[in-house]
Amino acid sequence: MSSLKLINTQTVSGVALVNFISGIDSTYDVYNVKFFNVTPVTDNVDLQVNWTNNGGTDWDTDKVTATFKNVQGLVLQYQSDIDSDQPSYQGIVQQQGNNGSECCAGEGFLFNPSSTALVKHIMFNTTWEGGYVQNMYVNGFLTSASAVDGMSFKFSSGNIATGTFSLYGLVKS
């Protein structure tokens, strides 16, 4: 049975980005990031993630993703957010509010980041309250032939008002 090993936790306030640029290497085959109580300064914005393969010099790793979204009172809907080889940040929360108790939480996985021969798979499951309860699943893969060595989070506009982000490695069994 495998267990999680905490690599780094960042509790932030009023920052533009949350970056993990150390700790993602060949030590683990699977990395898990968990975040909670994340609120934006700006109302109605998207929480986004991206990866780097050069220590954070740039955050433009190409990816192919598909997104599924569930909204309170509605049926699970397929969201036509299929991005093919897009270097931009990937949305994992949409239209997050900043009013009162509105915040988001979720977790994501990065598989086999040190591979230089195979794609690196990603999966995110998030939930948030932006006027109503929402849930989104994002999955796909990073197409870079280089090893991935960092992960970055930001809102589509404005800073991250508050939030806690923790990076774990899944101990090899």
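Me: How many bridges join strand E4 to strand E11?

Reply: The model discussed here is predicted. Strand E4 covers residues 45-52 and strand E11 covers residues 150-155, and the two run antiparallel. Within this pairing, Gln48 has Lys154 as its bridge partner, and Asn50 stands opposite Ser152. The number of bridges joining E4 to E11 is six.

Me: Which residue of E11 does Asn19 stand opposite?

Reply: E11 is also joined to E2, by three bridges, and these strands run antiparallel. In E11, the residue opposite Asn19 is Ser152.

Me: Which strands stand at the edges of the sheet?

Reply: The sheet is open and antiparallel, and its four strands follow the order E2-E11-E4-E7. A strand at the edge has a single partner strand, so one of its sides is left without a neighbour in the sheet. Neighbouring strands are turned against each other by 15° on average, direction ignored. The edge strands are E2 (18-20) and E7 (90-96).

Me: How many of the six residues of E11 are buried?

Reply: A residue counts as buried under 20% relative accessible area. Strand E11 is largely enclosed by the rest of the structure, because the number of its residues that are buried is five.

Me: Is Ser115 buried or exposed?

Reply: Ser115 is found in the loop between strand E8 (104-111) and strand E9 (120-129). Leaving aside neighbours within four places in sequence, Ser115 is in contact with Lys120, Ala145, Ser146 and Ala147. The relative accessible area of Ser115 is 10%, so this residue is buried.

Definitions and conventions: Residues are numbered from 1 along each chain as its sequence is written. This is a predicted model: local features need pLDDT of at least 70, side-chain atom pairs count only at pLDDT 80 or more; totals for chains, interfaces and linings use all residues. Side-chain values use heavy atoms; hydrogens and water are left out. Buried means under 20% relative accessible area, exposed over 50%, partly exposed in between (1.4 Å probe, protein chains only). Contact means heavy atoms within 4.5 Å. Two strands pair if DSSP finds at least two bridges between them. Axes are lines fitted to C-alpha atoms, for helices over the stretch in contact, and angles run from 0 to 180 degrees between N-to-C directions.
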